[in-house]
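Here are some notes for a first look. Keep the structure open as you read. Each point takes up one place in the model.

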Amino acid sequence: MVALVAVENLVKHFPVKRSLADVVAGRHPVVHAVDNVSFTLDENETVGLLGESGCGKTSTGRLLLKLDQPTSGRIEIAGKDLATLAGADLKAFRRTAQLVFQNPFDALNPRFNIRRVLAEPMINAGIDRREYADRINAELARVRMQGVGDLLDKFPHQLSGGQLQRIVLARALILGPKFIVADEPVSMLDVSVRAGVLNLMREIQETLGLTAIYISHDLALVRYVAARTFVMYLATVVEDGPTEQVISSPQHPYTKALLAAVPVPHVNQNREPLPIKGNMPNARNPPSGCRFHDRCPMAIARCAAEVPALREIEPGHRAACHLA
Ligand code: SF4
């Protein structure tokens, strides 16, 4: 396998407005969105970024698409350092890396009909106009929307949520990307259409050999689509590994808590509850040592003082916990 994406010590801090006390104390407060995240993704690989909202998974996805600039760290995609991309190279990158938005109702310009929605990326990328019709037809066929009446003349508000998400997908694919980031791709859809959209995405990804990151708080979704999973907590990766290994043998108490929160469908199947207290701490002031220590039911004195390293517990499976 060839690494398509290589992320090294990625950090993203967002400055926040200084209070009078900050000014007096000379402080420049920041929100810690991503702290020291490192990983690689192979070509054709599908991974999940899992965690509660505010854990940094969407920020990580945006950095990978160069929609935000990192505070520090390095991202290489197909051997190119994203920080140095500009001009024609940046334009080429925009064609190869695409975002599938969470909310199809917000993702599309309501004043554009579907023909224009799908043409927009091609206009921005400088594609020859004579290719538009063929490309639009090909992508509509791929997302099973070809032959839907006068679809191209309709406006987004005239389509259902499931149809809109297929159009969002077609738009993301129309420039022939190699890498997609899908941010909670079905969370805004009715349960009845989620499986259809997810199956379609998985099928397309396998057919086209795409590398994909699914960002989700939904363990079942990640389990369904991702071969490898990264669990994030308060801007850091606390556990990663093959998805089935992470689920069947979780090593970090936070992962165990996420698993414990998933409803078990069978009356005879017990899962030991592992409740965690409180809410995620303020990302302006992450706790010292292990960031999970003030919620962790297994915390020991060392946890508040020493940051646990993300270390390999078994081949390919890492966890950041002193007790793992
Ligand atoms: Fe809990 Fe300590 Fe492990 Fe952190 S390092 S997850 S506080 S046991």
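Is Asn-285 buried or exposed?

1. Asn-285 is exposed, because its relative accessibility is 58% and the cut-off for exposed is over 50%. Please bear in mind that this is a predicted model. Asn-285 belongs to the loop that runs between α11 (253–260) and α12 (301–305). In sequence, 256 residues separate Asn-285 and Pro-29. In space, their C-alpha atoms are 8.7 Å apart.

2. Turn to the ligand. The ligand sits in the largest cavity.

3. Next comes helix α6, residues 132–142. Which of its residues are buried? They are Tyr-132, Ile-136, Glu-139 and Leu-140. Viewed down the axis of α6, these buried residues fall within an arc of 100°, so they line one face of the helix. An α-helix has 3.6 residues a turn, so residues three or four places apart point the same way.

4. What do the buried residues of α6 pack against? Their partners are α5 (114–125) and α7 (161–173). Check the end of the helix too. Arg-144 follows α6, and its phi is positive, near 60°.

5. Thr-46 is in strand β3, which covers residues 46–50. Thr-46 counts as buried because its relative accessibility is 10%, and the cut-off for buried is under 20%. Leave aside neighbours within four places in sequence. Thr-46 then contacts Gln-205, Ala-212, Tyr-214, Val-225, Ala-226, Ala-227 and Arg-228.

6. Thr-243 is in helix α10, residues 243–248. Is Thr-243 buried or exposed? Thr-243 is buried, because its relative accessible area is 3%. Neighbours within four places aside, Thr-243 is in contact with Val-222, Arg-223, Ala-226, Ala-227, Arg-228 and Thr-229.

7. One last pair deserves a look. Thr-243 and His-317 are 74 residues apart along the chain. Their C-alpha atoms are separated by 9.4 Å.

Note on methods: Residues numbered from 1 in each chain as written. Predicted model: local features only at pLDDT ≥ 70, side-chain atom pairs only at ≥ 80, totals over all residues. Heavy atoms only, no water. 1 Å grid on protein atoms, 1.4 Å probe; cavity = no way out; pocket = protein on both sides within 12 Å on 5 of 7 lines; lining within 4 Å. Sits in = over half its atoms within 2 Å of the grid points. Buried < 20%, exposed > 50% of the residue type's maximum accessible area, 1.4 Å probe, protein only. Helix = DSSP H or I, 4+ residues; strand = E, 2+ residues; numbered from the N terminus. Arc of directions from axis to C-beta. Contact = heavy atoms within 4.5 Å.
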